[in-house]
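The following note is intended for a colleague who is meeting this structure for the first time. Its points are numbered so that each may be checked against the coordinates.

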Amino acid sequence: MSKPRHEVLAAMILAAAMSRLVPHPYNFAPIGALALFGGAQFADRRLAMLVPLVAMLLSDLVLGLYAGMGWIYGSFVLIVAMGRLLRRRRTAWHIAGASVSTSLLFFAVTNFAVWPGSTKYPQTLAGLMDCYAAGLPFFWNTFLGDGFYSLVLFGGLALLESRFAILREPAPEPI
């Protein structure tokens, strides 16, 4: 992968992470989209994981550390892995499907994280379902944010690649 491509991808991911610092509707954030994008765009697995995680950590250091970070970052790692699966199938439909899956995964993991040991929700299946139900109003902004930022990141890169050949990923060599 070319150095200019690496630099542009890293800059896009960092910019998306830093957009968390500007006022925005609750849960309308780039978290899922930047993890998905990093996983799908970096050929190097280490960079695919490292760049989005570092960008997220930098924005968290500015916003402040919080309880449940392990769950957030765990879901983030799973979303990067989903992006890796998307690498060879970066069509609009696959990206849209992955974006929806990202929102669902993030919702499932982070709302589950609230439930264990909670005094608000009983430690029963009904309590877990109540916990998920309480999170539903926040899901829609997560869904819209993941969709919006996926469009901006994937679409923005496609536009840049169409104008600047140096940013295009080389075609895989035939076997």
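1. Terms of exposure. A residue is called buried under 20% relative accessible area, exposed over 50%, and partly exposed in between, with a 1.4 Å probe and protein chains only. V54 has a relative accessible area of 39% and is therefore partly exposed. This residue lies in helix α3; helices here are DSSP runs (H or I, at least four residues; strands, E, at least two), numbered from the N terminus.

2. Basis of the model. The model is predicted: local features need pLDDT of at least 70, side-chain atom pairs count only at pLDDT 80 or more, and totals for chains, interfaces and linings use all residues. Residues are numbered from 1 along each chain as its sequence is written, and side-chain values use heavy atoms, with hydrogens and water left out.

3. Nonpolar surface patch. V54 belongs to a nonpolar surface patch of about 610 Å², together with L14, L50, L57, L58, L61 and L65. Helix α3, residues 45-63, gives the most to this patch, with five residues. Patches consist of residues with over 30% relative accessible area and no salt bridge, nonpolar side chains (Val, Leu, Ile, Met, Phe, Trp, Tyr) being joined within 5 Å and like charges within 9 Å. The areas come from the Shrake-Rupley method with a 1.4 Å probe, and for residues only the protein chains shown count as cover.

4. Largest pocket. Its volume is about 840 Å³. A pocket is an open set of points on a 1 Å grid over the protein atoms alone, where a 1.4 Å probe fits, with protein on both sides within 12 Å along at least five of seven lines; lining residues have an atom within 4 Å of a point. The volume is the space filled by probe spheres set on the points, which are joined across faces, edges and corners. The lining has 31 residues, and Y26, N27, I72, F106 and T110 lie nearest the centre. Helices α2, α3, α4 (69-86), α5 (92-114) and α6 (125-163) each supply at least two lining residues, with α6 giving the most, seven. By class, 18 lining residues are nonpolar, nine polar and four charged. Here Ala, Val, Leu, Ile, Met, Phe, Trp, Tyr, Cys and Pro count as nonpolar, Asp, Glu, Lys and Arg as charged, and the others, Gly among them, as polar.

5. Backbone at N27. Most residues other than glycine have a negative phi. N27 sits in the loop between α1 (3-18) and α2 (31-41) and is partly exposed, with a relative accessible area of 27%.

6. Second largest pocket. This pocket has a volume of about 310 Å³. Of its 18 lining residues, R90, T91, I95, F154 and G155 are the closest to its centre. The elements giving two or more residues to this lining are α5 and α6, and α6 gives the most, with nine residues. The lining comprises nine nonpolar, six polar and three charged residues.

7. Salt bridges. Side chains of opposite charge can pair when their charged atoms come close. With a salt bridge taken as a side-chain nitrogen of Lys or Arg within 4 Å of a carboxyl oxygen of Asp or Glu, the count comes to seven. One of them joins E161 and R5, at 2.5 Å from N to O. E161 lies in helix α6 and R5 in helix α1, so this pair ties together parts 156 residues apart in sequence. Both residues are buried.

8. R20 and D60. The closest N and O atoms of this salt bridge are 2.8 Å apart. R20 is in the loop between α1 and α2 and D60 in helix α3, 40 residues apart. R20 is buried, with a relative accessible area of 11%, and D60 is buried at 0%.

9. E169 and R90. These side chains meet in a salt bridge of 2.7 Å, N to O. E169 is in the segment after α6 and R90 in the loop between α4 and α5, 79 residues apart. Salt bridges that share partners join R5, R87, R90, E161 and E169 into one network. R90 is partly exposed, at 31% relative accessibility.

10. V109 and S75. V109 is in helix α5 and is buried at 19% relative accessibility. The C-alpha atoms of V109 and S75 are separated by 6.4 Å, the two residues being 34 residues apart along the chain.
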